[in-house]
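Me: I would like to learn how to read a few features of a protein model with you, one at a time. Could we begin with a single residue and then widen the view?

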Amino acid sequence: MSRRSPRWPIALFTALTLTACGSTGGSTTTGDPNAAPASPGGPMGRFTGEKLVLSRWAGDPWTSGQKEAAAEWSAATGGSLDLDAVPYENLHDKQALTLSGAGGYDILYVHPSWFGEFAKAGHLAPIDGYLADAKRNPSGYSAAAFLPNVLAQGAYDGKQYCVPDFVSTTLLAYRKDVFEAAGIPAPKTLDDVAAAATALNGKNGMAGIAVPGKRAGAVADIMGSLLTAQDNWWYGPDQKTTLDRAKAAKAVDFYVKAAKAAPSGVLNFHVDEAATAAAQGKAAMIISTTPSLQALEDPAKSATSGKWGYAPLQFTAGKPAGELIYWNWCIAANSQHKDAAYSFLQWYTSGAQQAKVALAAATAGATKDFYTNADVQAKLPFLTAMNDALTTSNPQPSLPSWPKAQDRIELAVQEAIQGKLTPDQAADAMVQAVQETLGG
């Protein structure tokens with residue numbers, strides 16, 4: 001199995017060549033998949049009477065926004081697209097069960113942690129042929145339109161299976177007004193963050209910092225960023241572990257210090273709970289994923305809008321790092337509507353559509369033209385910090401066996417927060433988990 005090299009810089013648009021391969025067959029079509037859009041920028045093709053089902057996780061503003069997009073696509077193409085949105089913690093099992101049975105899904109929103117599993121099992125349809133077919137795409141849309149390092153995450157064994165969106169990373173957000181009032185300089189390093197969290201904890205009814213502590217993926221995302229900031233990663237190109245015990249222990253030690261200055265119940269906090277606490281003025285800082293940080297600047301959700309500064313995570317000043325977080329849009333291998341499914345994916349992942357999503361959901365697109373959109377740059381205050389973080393990044397692991405290791409990694413962090421393990425012991429548990437899962 002071919003894999004991607006770590007530390008791809010998103011902002012540098014590193015060159016990558018994709019060879020067109022794969023099939024566009026196996027689709028039941030009642031219209032013309034090559035029909036031009038009914039209006040400029042609209043979806044390609046006509047699919048009268050075709051009924052598709054899309055599987056994704058439930059959560060706003062994404063689900064409601066996608067329902068609107070599905071309605072727009074349906075009106076333009078003559079097809080229909082229904083959403084099966086379930087809670088994130090149930091999504092993998094629901095998708096796996098459905099794909100292993102008689103089918104039922106046409107389009108899948110697939111997380112990196114189980115992308116490899118699904119691709120290896122043959123649950124996904126290759127889309128190289130679609131991407132390379134000029135008749136099925138508007139001018140300017142092809143594999144070359146994407147950030148190559150992000151598009152590569154939807155490839156498996158030399159074939160492209162998915163197109164990405166929901167590009168994000170982990171960042172620090174801090175209350176500029178609180179730091180100024182306390183006479184504390186804006187934090188530059190994670191040591192600064194830990195010190196400020198301790199100093200500000202309990203002041204004016206606020207915790208020092210909010211962080212996710214629930215075993216739902218975000219803990220591993222933050223750990224991945226903390227490792228990358230030390231020039232380390234879980235495994236290398238040969239899929240053998242490269243995890244350094246000392247660097248893992250340093251990352252856990254920071255996590256424990258942050259958790260001690262976090263709101264009570266941190267082990268039950270996922271990204272949304274952490275962001276809500278910060279938005280409501282209950283924490284002076286937050287480390288979380290960029291989509292969750294949109295709550296800080298949303299006047300309908302936040303009592304602290306406009307008071308936040310943003311910075312990448314870095315142990316050493318001037319060496320920012322992050323984890324490349326993304327989701328993959330894929331077509332089910334047993335779908336009878338692959339042409340129609342591709343029509344929706346192509347249209348929805350275009351720069352113009354992703355810009356609409358970004359303004360509501362604080363996510364970034366994966367096409368190059370997204371990053372030249374002036375409206376997006378003006379309305380996402382953390383975009384500069386995000387690009388700084390992603391200049392040195394590793395993509396979320398997508399090996400078929402990774403979910404087992406991830407759960408044990410997050411359990412080790414939780415047990416360190418609870419005092420059941422020291423940071424060194426937690427690091428040992430992580431090394432053992434990765435070695436047993438991957439070998440090496």
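Me: In which helix is Q353 found?

Reply: Q353 is found in helix α13, where a helix is a DSSP run of H or I with at least four residues, a strand is a run of E with at least two, and both are numbered from the N terminus. This is a predicted model, in which local features need pLDDT of at least 70 and side-chain atom pairs count only at pLDDT 80 or more, while totals for chains, interfaces and linings use all residues. Residues are numbered from 1 along each chain as its sequence is written, and side-chain values use heavy atoms, with hydrogens and water left out.

Me: Is Q353 buried or exposed?

Reply: Buried means under 20% relative accessible area, exposed means over 50%, and partly exposed lies in between, with a 1.4 Å probe and protein chains only. Q353 has a relative accessible area of 8%, so it is buried. Leaving aside residues up to four places away in sequence, Q353 touches W347 and Y348, a contact being heavy atoms within 4.5 Å. From C-alpha to C-alpha, Q353 lies 9.0 Å from G41, although the two are 312 residues apart in sequence.

Me: Which residues of α13 are buried, and what covers them?

Reply: In α13 (residues 351–361), the buried residues are G351, Q353, Q354, A355, V357, A358 and A361. Their cover includes α1 (62–77), β6, α11 (294–297), α12 (338–348) and α14 (374–379). After α13 comes A362, which has a positive phi near 60 degrees.

Me: In what sense do β1 and β2 pair, and over how many bridges?

Reply: Two strands pair if DSSP finds at least two bridges between them. Here β1 and β2 (residues 80–86) pair in the parallel sense over seven bridges, and L54 has L83 of β2 as its bridge partner. Five of the seven residues of β1 (residues 51–57) are buried, so this strand is largely enclosed by the rest of the structure.

Me: At what angle do α9 and α16 cross?

Reply: Axes are lines fitted to C-alpha atoms, for helices over the stretch in contact, and angles run from 0 to 180 degrees between N-to-C directions. The axes of α9 (residues 245–260) and α16 (residues 402–417) come within 9 Å and cross at roughly 50 degrees. That makes α9 oblique to α16, since angles under 35 degrees count as roughly parallel, over 145 as roughly antiparallel, 65 to 115 as roughly perpendicular and the rest as oblique. The contact is made by V252, Y255, V256 and A259 of α9 together with V413, A416 and I417 of α16.
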